[in-house]
Amino acid sequence: MHKVRTEFPKNFLWGGATAANQIEGAYLEGGKGLSTSDMAAYKDPYGEGRVNNFTFNVSSEELEKYLLNPEKYNFPKRRGIDFYHRYKEDIRLFAEMGFKVFRLSISWARIFPTGLEDEPNEEGLKFYDDVFDELKKYNIEPLVTMSHYEMPIELTKRYNGWMSRELIPLFIKYTTAIMERYKDKVKYWIPFNEMNMNLNSIYTGAGVLEDKVTNVIQAAYQTSHHQFLAQAMTISNGRKISKDFKFGCMINAIESYAATSKPEDQLASLKAGQINLFYPDVQVRGYYPSYMIRYFKENNINIVQQEGDNEILKNGTSDYVAFSYYMTHMTEHREDMRDIAGRLDSPLKNPNLEISEWDWPIDPIGFRIVLNKLYDRYQIPLWPVENGLGAHDKVVDGKIHDDYRIDYLRKHISAMADAIEDGVEIIGYTTWGCIDLVSCGTSQMSKRYGFIYVDQDDHGNGTLDRIRKDSFYWYKKVIESNGEKLI
Ligand code: BGP
């Protein structure tokens, strides 16, 4: 019988998560080329009467303007939080909290500035060597995302991003270069961040200019097909490079509760769940599930595939399921299922849940449900690699009293402990934005997730000084006690 575990495993990997485009800055230093995320211009986040004025998508017209007259716009992701120059100080702070793992991503455009070069950029490779060496000093394990919402902009201009199959060999060239280089420094890899968010923003996830495609949903699935292949090929290549490598697929896990007990709503909730889990289904099992083949047929979605694709998918499945968890949604029956699945902004509000300042529902029990469902389905280890609360923080006499963040994380860690007791196998936990960083969705600096405050506003004003928040000391105790002390 499965042993009931009442505590976190001894070697549980506690830590935090980031992404290159949201922290590094130095967007043209060290030979780096321009990337898709360098084009996410800041827009008034409260514009059009909405709190979430997403800067996710870029049109052809905008891209042209941004390339021609960049000085007219504010591009927060070009600045990040200057991790490129301050990584030693930041890693020292992570070590002080007792991190066992640090999730970061490599910027493709630092290694292949346009994506088209034959040889990698040595300066870019060296930067990550230095970062990994610094982590090693403190025995912090790196968890590396190969593609986290960015790619060389040249690939968007030339191929319209992942719409083109040409991207696959270019990505393989990049991932082979980094796996060869860091084979003795990195064990845990995630080829793509939240591939399922292609449905939400095809530019952010796949470098595609939406105005250049005719059917955006079909395009999202076509880019995903190319990324599935690229991921599977990366994994099968990686297994030849090092036997120690462990690869995770990664989704934004959004559990969708049925709005009522009506069977039609229950079915709609099942379907929304399938659309979410379609991604790990392909990446863990190695083939397209039948429910999705039906969905494609019913919605006139035609994915261009080639002979041999099934074989590729089968040969590159994942070792663990990584996922981000922020919220749950509600689903009701609709004639057009495309309205409800795969979106970040749910049309229905759950009256039982509190919401964040950015309208994201807060649901720790949903976290336990997601952990159980994923484990029941795949029976391989899980890794929540993003979870956290975006909030406005106030500095008062040099201190940040972020008890709301502590409360959020405490409840989610508790839910994770319950899931462990349910028998779910979890490798580790990395909270999102362990140091304040630029928001992915809104490009705001003021949407903060960190244990460490970074003195910078949405327009780039500030000293960039790092300040420990109350949550910093709290998380240090959580790690020290291996999840026992949550108070
Ligand atoms: C995830 C992304 C992250 C991230 C996080 C929070 O979807 O993988 O990059 O930033 O969401 O989102 P936001 O920054 O929009 O609050």
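Guide: Let us begin with strand 7. This is a predicted model, and in it strand 7 is mostly covered, since 5 of its 5 residues count as buried. Here a residue is called buried when its relative accessible area is under 20%. The cover is found on both faces of strand 7: Tyr320, Ala322 and Ser324 are buried on one side, while Val321 and Phe323 are buried on the other.

Strand 7 spans residues 320-324 and pairs with strand 11 in the parallel sense, over 4 bridges. Two residues of strand 7 show how this pairing is laid out. Val321 stands opposite Leu382 in strand 11, and Phe323 stands opposite Pro384 in strand 11. Strand 5 also pairs with strand 7 in the parallel sense, and that pairing has 5 bridges. On this side, Val321 of strand 7 is the bridge partner of Cys249. Val321 therefore has two counterparts to look for on the display: Cys249 as its bridge partner, and Leu382 opposite it in strand 11, where a bridge-based pairing of strands requires at least two bridges.

These pairings belong to a wider arrangement. The sheet is open and has 8 strands, in the order 11-7-5-4-3-2-1-12, with parallel pairing. Strand 11 (382-386) and strand 12 (428-432) stand at its edges; each has a single partner strand, so one side of each is left without a neighbour in the sheet. From one strand to the next, the twist averages 30°.

Helix 8, formed by residues 167-181, lies across strand 3 (141-147), strand 4 (188-192) and strand 5 (246-252), and it runs at about 165° to strand 3. Helix 11, residues 263-285, packs on the sheet and touches strand 5 and strand 7. The direction of helix 11 makes about 165° with that of strand 5.

Asn276 lies in helix 11 and is buried, with a relative accessible area of 10%. The side chain of Asn276 reaches the backbone oxygen of Asn252 at 3.0 Å. Leaving aside neighbours within four places in sequence, Asn276 is in contact with Asn196, Ile251, Asn252, Ala253 and Ile254.

Beyond the strand, we may turn to a loop residue, Asp363. Asp363 lies in the loop between strand 10 (361-362) and helix 14 (364-378). Asp363 is buried, with a relative accessible area of 4%. A polar atom of the side chain of Asp363 lies 2.9 Å from the backbone nitrogen of Gly366. When residues up to four places away in sequence are not counted, Asp363 touches Tyr257, Tyr325, Thr328, Leu353 and His412. Another way to locate Asp363 is by its separation from Asn352: the two are 11 residues apart along the chain, and their C-alpha atoms are separated by 9.2 Å.

The ligand is surrounded by 14 residues, and the closest are Glu194, Cys440, Gly441, Lys447 and Tyr449. An oxygen atom of the ligand is 2.7 Å from a polar backbone atom of Cys440, and an oxygen atom of the ligand is likewise 2.7 Å from a polar backbone atom of Gly441. For Trp432, an N or O atom in the side chain is 3.4 Å from an oxygen atom of the ligand. The protein covers 95% of the 380 Å² of accessible area that the ligand has on its own.

Most residues other than glycine have a negative phi. Asp82, however, has a phi near 65°, a positive value. Asp82 is found in the loop between helix 3 (76-79) and helix 4 (83-97), and it is buried, with a relative accessible area of 15%. Asn139 also has a positive phi, near 55°. The place of Asn139 is in the loop between helix 6 (122-137) and strand 3, and at 63% relative accessibility Asn139 counts as exposed.

Key: Residues are numbered from 1 along each chain as its sequence is written. This is a predicted model: local features need pLDDT of at least 70, side-chain atom pairs count only at pLDDT 80 or more; totals for chains, interfaces and linings use all residues. Side-chain values use heavy atoms; hydrogens and water are left out. Axes are lines fitted to C-alpha atoms, for helices over the stretch in contact, and angles run from 0 to 180 degrees between N-to-C directions. Contact means heavy atoms within 4.5 Å. Buried means under 20% relative accessible area, exposed over 50%, partly exposed in between (1.4 Å probe, protein chains only). A polar contact is a pair of N or O atoms within 3.5 Å; within protein, one must be able to donate a hydrogen and the other to accept it, and residues adjacent in sequence count only if both atoms are side-chain atoms. A residue is near a molecule or strand if one of its heavy atoms lies within 4 Å of it. Accessible areas come from the Shrake-Rupley method with a 1.4 Å probe; for residues, only the protein chains shown count as cover.
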